[in-house]
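Open the structure in your viewer and keep the selection tool at hand. We will go from stop to stop.

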Amino acid sequence: MGFLNAFSRIYDEEILHKLDFLRNISLFEGIKKSQLIHVLESLQERTYLKGETIFAQGDIGRALFIVLDGKIALSRLDAAAQKSETIAEVAPGEFFGEMALLEEMPRTATATAVEETKVFMLFKIKLDSLLFSYPKIGVVIAAQLAKILSARLRALLEKPAEN
Amino acid sequence: MSSPEVHTKRNPAQFVLPVVIGLLSLYFIVKAKGAVFPFVLSAALAYILNPLITYFEVRGIKRSYAVAGLYISAGAVLFLGVWLLMHFLSAEIQDLQQTWPTYAERLQAYTTNLNTKLVKSYPVLGKLGLEAKLQHLMELVPQLLVSLLPALTLLFIVPFITFFMLIGGGGIIDYLLDHLPARHSELILHIASRIDGSLGNYLRGILTEAFVIFLIAFTGLMLMGLNYAAVIAVLIGFSSLVPYLGAIVGAVLSSIVAYLQFGTLLPIIKILGFFTGIRFFDDWFLQPYIMKKAVDLNPAVILLALMAGGEIGGIWGIVFSIPVTCIIKEILQIAIELQETEFRWKPKPEPTRISIPYT
């Protein structure tokens, strides 16, 4: 028992929770738990307060955001109507802004914290470093990214048909 | 939902406090630069060691235990190493202090002889007073070695401060990150990670490189049976922190010691060959492997940085000149990239377009 107590004092349970959390993110599906440590090393954690703008439409994207806790609203400005419309809400375990990992292009929507929100940020430069240092992880992320983008494109094309 | 085009007007008064704090900090640094200096060195050391702590942190070890573990294990090894080295060094320095007058006399006799010959052939050299200048230099060498000893106190102060910086540093950085302007935090963190990528790799690379060169030089010189191998190897190790200097310092110092010790040409040729080998090993194997991710600096830029660093901050200016140049180079590169994106002085890059639709 003494050993277990000492171990629990030294061991940070939060890391275990974070790794479990990452394991359930579709972008990292197929990456072993031991390798997820390298992904966790590359992520930047930050808390946004309620109402804070994470990025605005037109800003150059440089990171992908994974919602750890809280909620983010994505809104898009309709140029013709000069009105901003909420297009999606991102809940814990979901991510947004993945286009920034492929191209440094302007964001297509504005992201705002609906409540106090904790996010993980994966910067393109960190992903590049992962790709070169741990190609096995890089291949999985690149394949998942391609799959997700394909699914989003398919959803976009299928949308009028549904209507 | 607020429109992204609507910006809240900034009140200039909100900048007063940060500006005042900034100016006061600057005044404090200028006034107490002697006291601040060990903290600058400690911050640099903490920055270099931080990835090691993060390595354990992401594997579940709490930060304070990771730092304590690192200090206990690395500290014990380092203490033993430093103690052994000091043991070697103190004996060698004492020996050098005793034998230096004899060596200086021999060196002076050799140069006097050479000078007489040169002046005989080229009378204009006589006006330069080379002999007097050399004598002055010879008298300065032991003083210089003794004056280096107070700097050794930094070896004890810096790890002490670094310990507390490593333990509390994570929290301070997290606090600062959470208080960056939300809208710009992505850009600021992008710039910070770019600088961290190249500077961190450079610092960790150059330290590894200097340590490997120290080990090779120490082993090689010991095997050659050269006196003061430990002192020379330590000087080579430290001078290797400055690009290109390590092998030059090693070759010059070792050749002088070899001449004084053996009095023949063959050991000098061996030593010069050894240091040429180190130089090539460094260029062809060590640097491509260790420094592959670091900033690639042109040798001319390195030379300019070293000279400017020396002019501004003496020996420490030289040590810090290359890391500072790394930061400046990265910032310049980012600034040029931002011209094309954020500042919009140039047209935005076109997205990749494919004519064939999704099928």
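Start with Leu22(A), Leu27(A), Phe28(A) and Val39(A). In this predicted model, they have the most contacts inside the largest nonpolar core, which has 27 residues. Now color the elements of chain A that give two or more residues to this core. They are helix 2 (13-23), helix 3 (33-42), strand 3 (63-69), strand 8 (117-123), helix 4 (124-133) and helix 5 (135-162).

Zoom in on Phe28(A). Which residues does Phe28(A) touch, not counting those up to four places away in sequence? Look for Leu22(A), Leu36(A), Val39(A), Ile66(A) and Ile141(A).

Next, select Ala217(B), Leu226(B), Ile232(B) and Ile271(B). These are among the 24 residues of another core, which lies apart from the one above. In soluble globular proteins, nonpolar side chains tend to be buried together.

Now show both chains and turn to the interface. Chain A brings 48 residues to the contact, and chain B brings 39. Together the two chains bury about 3600 Å², with 57% of that on carbon and sulfur atoms.

How many salt bridges link chain B and chain A? The count is 2. Select Arg107(A) and Glu186(B) to see a salt bridge, where the closest N and O atoms are 2.5 Å apart.

Finish on the side of chain B that touches chain A. Helix 2 (33-57), helix 5 (154-178) and helix 6 (185-224) of chain B each supply at least two residues there. Helix 6 of chain B gives the most, with 8 residues. By class, this side has 16 nonpolar, 14 charged and 9 polar residues.

Methods:
Residues numbered from 1 in each chain as written. Chains lettered and ligands numbered in written order. Predicted model: local features only at pLDDT ≥ 70, side-chain atom pairs only at ≥ 80, totals over all residues. Heavy atoms only, no water. Contact = heavy atoms within 4.5 Å. Buried area = accessible area lost by both parts, 1.4 Å probe. Salt bridge = Lys/Arg side-chain N within 4 Å of Asp/Glu carboxyl O. Helix = DSSP H or I, 4+ residues; strand = E, 2+ residues; numbered from the N terminus. Nonpolar A, V, L, I, M, F, W, Y, C, P; charged D, E, K, R; others polar. Core = buried A, V, L, I, M, F, W, Y, C linked by side-chain atoms within 4.5 Å. Buried < 20%, exposed > 50% of the residue type's maximum accessible area, 1.4 Å probe, protein only.
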